[in-house]
Amino acid sequence: MKKRILGFWEIWNMSFGFLGIQFGFALQGGFMSRIFQTLGAEKDAIPLLWIAAPLTGLLVQPIVGYLSDRTWHPKLGRRRPYFLIGAILSSFALFFVPNSPTLWMAAGFLWILDASINISMEPFRALVADKLPQSQRSYGFVVQTLIIGIGTWIASNLPWMVSQLGVSNSAESGVVPMSVKVAFAIGAFVFLASILFTVFKTTEYPPEDMEEFEREKAKKNQFIPDILKNIGSMPLTMKKLGIIQFFSWFAFFTMWSMANPALTEHVYHTPAPLESNFDLAIVAQADAFNIANTAFQESSNAVGSAMGVYGLSSMAFALLLTFYTSKRRINRKLVHMFSLMLGGLGFLLMSSASPENLKYCFVLIGFAWGSILSMPYAMLSSSVDPKKMGVIMGIFNMFIVIPQIIAALGGINFVSGLLGDEAINAMTVAGISLIIAGFCNLLITNKNAITYQAEEI
């Protein structure tokens, strides 16, 4: 099927739902560790509490990808039913996460939240490949990244913004501050509203041969054999991209899970106070705990705002590439390689950062993030069967979640422990991992993956 060239606003509309998805991811990535620490988690236990995120991604995304490839609804199309289901569940989870009274409930809601986000997210990747011709793939994924950057910056700053409006940033021991609760409630609303915008403003191409599509759908469900067959026959370029993704996502999972404890401790010198170290029955110690806890909550807001900067720089990165790729081809391999190396440098500089210049570290990390969200998918979508785009994107997610599972099960603690006991060592590990990912781009040799090749007539 020959696909027509889409204009900027058509691509914007079909990608707009990613604003809500990124609100969910940014609030989760920037503030779940803070919530865990507020509810009494020690910093060494935090990566394991995050195990929900990659495990749900490993299970959910291939399933959703496979099902969406075999779905066609006369009004909602192929991918949009999954956007809608995921948005409703995600909005529910976002509202309840910061209201969790116990640590185990917060961890449980993280499972629900991440599974729900994954239901919406995977079909969005496939939608770009479904709707756009080969010549616009880079452009489409970059526009998606632009929207993600906007969402990252706003959502990362939400607790700070609402606290500036007078919402309390202090709370009793074991209670998440109201500023965080309000931020998550706003995120729930934005998530659902932005997904609904895309659902109503976007159409999808029907299957090229509807009769053949219906025959395939009517066959006995071969989900597991089909998934295993596709894993076994994945293209060489996909395997090489998987190596890059492994080191990239190990680095970013380390940031999401450990940046708050590492930076509040090392840069702001306000580590989370442990209730077990204070006798709250003694007034003086209760006051000391409250002072330390308020300082931790304030510095956590500052860390969240600094992390939001990587959303801004990824947005700037995407904006530049949007203008460039709308008219010209790019070398995706080189763009991705140098972007990852800049991000790695940003992580390495954190060990000597001050509260005033921490944001510049995240500027560099934003270049890597902007590239991670666009270049691998542009390279992949140019190297696989378009009829299997959903399931392939879901399988590709394995290379994202497996490093996160390894990191959560002790990989972060083990590798950073080789450098010493300080929490900031986790950020150094993230930097080294991202630089390795950058060099791994040298493995990519497929010309179609590296840049768009015009079809011969």
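His269 sits in the loop between helix α11 and helix α12 (residues 283-325), where helices (H or I, at least four residues) and strands (E, at least two) are DSSP runs numbered from the N terminus. His269 has a positive phi of about 55 degrees although it is not a glycine. With a relative accessible area of 62%, His269 is exposed, on a scale where buried means under 20%, exposed means over 50% and partly exposed lies in between (1.4 Å probe, protein chains only). The model is predicted, so local features need pLDDT of at least 70 and side-chain atom pairs count only at pLDDT 80 or more, while totals for chains, interfaces and linings use all residues. Residues are numbered from 1 along each chain as its sequence is written, and side-chain values use heavy atoms, with hydrogens and water left out.

**Thr264 and its surroundings**

- Thr264 lies in helix α11 and is buried, with a relative accessible area of 0%.
- Leaving aside residues up to four places away in sequence, Thr264 touches Ala259, His269, Thr270, Pro271, Phe296, Ser299, Ser300 and Val303, where contact means heavy atoms within 4.5 Å.
- A polar atom of the Thr264 side chain lies 2.5 Å from the backbone oxygen of Asn260.

**Aromatic pairs**

- Rings of Phe, Tyr and Trp (its six-membered ring) pair if their centres lie within 6.5 Å, and planes under 30 degrees apart count as stacked, over 60 as edge-to-face and the rest as tilted.
- By this rule the count comes to 23 aromatic pairs.
- One of these is the tilted pair of Phe8 and Trp12, with 5.9 Å from centre to centre and 35 degrees between the planes.
- Phe8 and Trp12 both lie in helix α1 (residues 8-15), four residues apart, which is about one turn of the helix.
- Phe8 counts as partly exposed at 27% relative accessibility, whereas Trp12 is buried, with a relative accessible area of 17%.
- The rings of Phe252 and Phe347 have their centres 6.0 Å apart and their planes at 80 degrees, so this pair is edge-to-face.
- This pair links distant parts of the chain, since Phe252 belongs to helix α11 (residues 236-266) and Phe347 to helix α13 (residues 332-348), 95 residues apart.
- Phe252 is buried, with a relative accessible area of 0%, and Phe347 also counts as buried at 0% relative accessibility.
- Ring pairs join Trp249, Phe252, Trp256, Tyr310, Phe347, Phe362 and Trp369 into a cluster.

**Packing of α1 and α8**

- Helix α1 and helix α8 (residues 178-201) pack at an angle of about 130 degrees, with their axes 7 Å apart; axes are lines fitted to C-alpha atoms, for helices over the stretch in contact, and angles run from 0 to 180 degrees between N-to-C directions.
- That angle makes α1 oblique to α8, because angles under 35 degrees count as roughly parallel, over 145 as roughly antiparallel, 65 to 115 as roughly perpendicular and the rest as oblique.
- Asn13, Met14 and Ser15 in α1 meet Phe197, Thr198 and Lys201 in α8.

**Ile400**

- Ile400 lies in helix α17 (residues 398-417) and counts as buried at 5% relative accessibility.
- In sequence, Ile400 and Phe246 are 154 residues apart, yet in space they are 6.0 Å apart, C-alpha to C-alpha.
- Not counting residues up to four places away in sequence, Ile400 touches Gln245, Trp249 and Tyr377.

Note on methods. A polar contact is a pair of N or O atoms within 3.5 Å; within protein, one must be able to donate a hydrogen and the other to accept it, and residues adjacent in sequence count only if both atoms are side-chain atoms.
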